[in-house]
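Please look at the sequence and the model before reading on.

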Amino acid sequence: MSSYAETKYRAVTALQRRLNKVMRRLPAQTLLETTGRVSGVPRRTPVGGRRVGDAFWLVSEFGERAQYIRNIRADPRVRVRIRGRWHPGTAHLLPDDDPLARLRRLPRCNSLAVRAMGVGAGLLTVRVDLDEAGSR
């Protein structure tokens with residue numbers, strides 16, 4: 001990773017750590033809950049994306065470097081809070097999907113933020129297949 005990309009990554013993740021504490025508390029904020037790969041503790045991350053049928057789509061701005069992506073690799077069972085309601089599901093990392101094309105189909109505000117904060121080729125598409133029978 002270039003020094004510019006590394007500096008940007010460090011700056012954005014420092015900002016996100018502070019903002020995420022607030023964002024997680026907002027009732028309308030979409031959250032992705034993974035299980036910590038080392039701690040086993042639930043980890044909630046504010047995300048943007050869109051539900052399409054029985055799937056929720058999002059793009060990770062830091063791809064494989066994002067902690068929630070690493071948690072998904074260890075355990076793909078997740079929950080997504082959409083409009084205040086939790087939906088259990090299974091996350092799938094899609095490295096062969098075109099994340100820039102995917103962003104054009106996701107909410108504009110979030111897509112702009114992902115493009116602005118992300119590091120080019122580091123984008124990664126994630127699809128969560130929702131288990132509707134288990135929604136709560």
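Which two strands form a hairpin with two residues between them? The strands are β5 and β6, and R83 in the turn has a positive phi of about 50 degrees. The model described here is a predicted one.

## The chain as a whole

The chain contains four helices and seven strands. Read from the N terminus, these elements follow the order α-β-β-β-β-α-β-β-α-α-β.

Of the 136 residues in the chain, 47% count as buried. The chain exposes about 7800 Å², and carbon and sulfur atoms supply 54% of this area. Among contacts between residues at least 6 apart in sequence, 69% join residues at least 24 apart.

## The hairpin and its turn

Strand β5 covers residues 77–82 and β6 covers residues 85–94, with R83 in the loop between them. The two strands run antiparallel and are joined by six bridges.

R83 is a residue other than glycine, yet its phi is positive, near 50 degrees. Is R83 buried or exposed? Its relative accessible area is 78%, and the cut-off for an exposed residue is over 50%, so R83 is exposed.

β6 is mostly covered, as seven of its ten residues are buried.

R102 belongs to helix α3, which comprises residues 99–103. Why does R102 count as buried? Its relative accessibility is 10%, and buried means under 20%, so R102 falls in that class. When its neighbours within four places in sequence are left aside, R102 is in contact with W57, V59, D97 and T125.

A113 is located in helix α4, residues 108–117. Its relative accessible area is 29%; this value lies between the limits of 20% and 50%, and A113 is therefore partly exposed. How far apart in space are A113 and E61, C-alpha to C-alpha? The distance is 8.7 Å, although 52 residues separate A113 and E61 in sequence.

## Summary

Of the residues examined, R83 is exposed, A113 is partly exposed and R102 is buried.

Note on methods:
Residues are numbered from 1 along each chain as its sequence is written. This is a predicted model: local features need pLDDT of at least 70, side-chain atom pairs count only at pLDDT 80 or more; totals for chains, interfaces and linings use all residues. Side-chain values use heavy atoms; hydrogens and water are left out. Buried means under 20% relative accessible area, exposed over 50%, partly exposed in between (1.4 Å probe, protein chains only). Contact means heavy atoms within 4.5 Å. Accessible areas come from the Shrake-Rupley method with a 1.4 Å probe; for residues, only the protein chains shown count as cover. Two strands pair if DSSP finds at least two bridges between them.
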